[in-house]
Amino acid sequence: MALFGRRKGAGGRGTGAARQDEDLDEVDTADDDGAMGPYDEADAPDDQFARLDLGSLRIPVPDGAQLQVEMDPAGPVRAVHILTQLGQLTLNGYAAPKSGGLWKEVCGELAEQLRADGASVRSVVGDWGQELSASLGEVQLRFIGVDGPRWMLRGVVAGPPQLADNSAMGLRELIRNTVVVRGGQPMPVRTPLQIDLPQAIVEHIAAAQQSEQQPG
């Protein structure tokens with residue numbers, strides 16, 4: 001069964017294939033002209049995907065998935081994780097320069113940080129260019145970044161090593177059908193795009209917190 005199934009047509013190049021390359025500095029950028037997405041708000045498709053509106057991101061949540069909200073101690077939402085049978089998938093958007101190229105910088109920094117944390121890191125070429133595959137303990141990680149018009153979208157999936165290939169394909173499919181809403185306001189490069197939770201989720205979190213505070 002496909003992780004994502006509600007879509008019109010079959011256009012796009014997304015085969016899910018990736019080429020391994022041990023040298024992070026010599027990875028060629030794949031031609032992404034045929035990729036379906038991710039989409040800028042101005043180019044959002046009129047399709048049949050039911051997307052979760054998180055303000056800066058509109059994400060097609062897979063059937064049967066669960067959501068986990070990560071809050072910053074100061075109050076704002078840091079991330080919304082999508083828990084699936086393939087692992088935990090997370091997307092975040094960031095302000096980027098008009099010239100693009102932010103993912104290449106972030107990718108190199110991320111690889112250094114992962115290695116410093118003891119991870120084994122490899123570079124691969126996927127649908128949008130460079131990806132990172134990292135093994136840390138019993139967890140396999142895949143990082144994918146896409147440079148858009150004044151924004152960068154970064155996705156990561158964390159799952160068991162035996163599902164690594166399927167997890168990467170699931171992350172690509174999630175990215176491919178996501179809509180990024182950057183807004184027109186000026187922002188410093190690398191500023192995280194604000195995540196706004198739907199009111200129903202806000203109320204659910206408040207009810208859960210209130211229940212935890214009540215004496216047993």
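## Basis of the model

Residues are numbered from 1 along each chain as its sequence is written, and side-chain values use heavy atoms, with hydrogens and water left out. Because the model is predicted, local features need pLDDT of at least 70 and side-chain atom pairs count only at pLDDT 80 or more, while totals for chains, interfaces and linings use all residues.

## Overall make-up

The protein has 3 helices and 12 strands. Helices (H or I, at least four residues) and strands (E, at least two) are DSSP runs, numbered from the N terminus.

Of the 216 residues, 44% are buried; buried means under 20% relative accessible area, exposed over 50%, and partly exposed in between, with a 1.4 Å probe and protein chains only. The accessible surface comes to about 11600 Å², and carbon and sulfur atoms hold 48% of that. Accessible areas come from the Shrake-Rupley method with a 1.4 Å probe; for residues, only the protein chains shown count as cover. Among contacts with a separation of 6 or more, 64% are between residues 24 or more positions apart. A contact means heavy atoms within 4.5 Å.

Two strands pair if DSSP finds at least two bridges between them. Strand S5 (residues 66–71) and strand S6 (residues 77–84) run antiparallel and are joined by 6 bridges. Glu 70 stands opposite Ala 79 in S6.

The two strands, S5 and S6, form a hairpin with 5 residues between them. In the turn, Gly 75 has a positive phi of about 125°.

## The open sheet

An open sheet is built from 4 strands in the order S2-S12-S4-S3, with mixed pairing. Strand S2 (39–40) and strand S3 (51–53) are at the edges with a single partner strand each, so one side of each has no neighbour in the sheet.

Inside this order, strand S4 (residues 57–60) pairs with strand S12 (residues 179–180) in the antiparallel sense over 2 bridges. Here Arg 58 stands opposite Val 179 in S12.

## Helix H2

The 13 residues of H2 should span 18 Å at 1.5 Å a residue, and the end C-alpha atoms are 18 Å apart, which agrees. The expected span is 1.5 Å times one less than the number of residues in a helix.

Buried residues of H2 include Ser 167, Ala 168, Gly 170 and Leu 171. Glu 173 also lies in H2 (residues 164–176), and counts as buried because its relative accessibility is 14%. Glu 173 and Pro 38 are 135 residues apart along the chain, with their C-alpha atoms separated by 9.6 Å.
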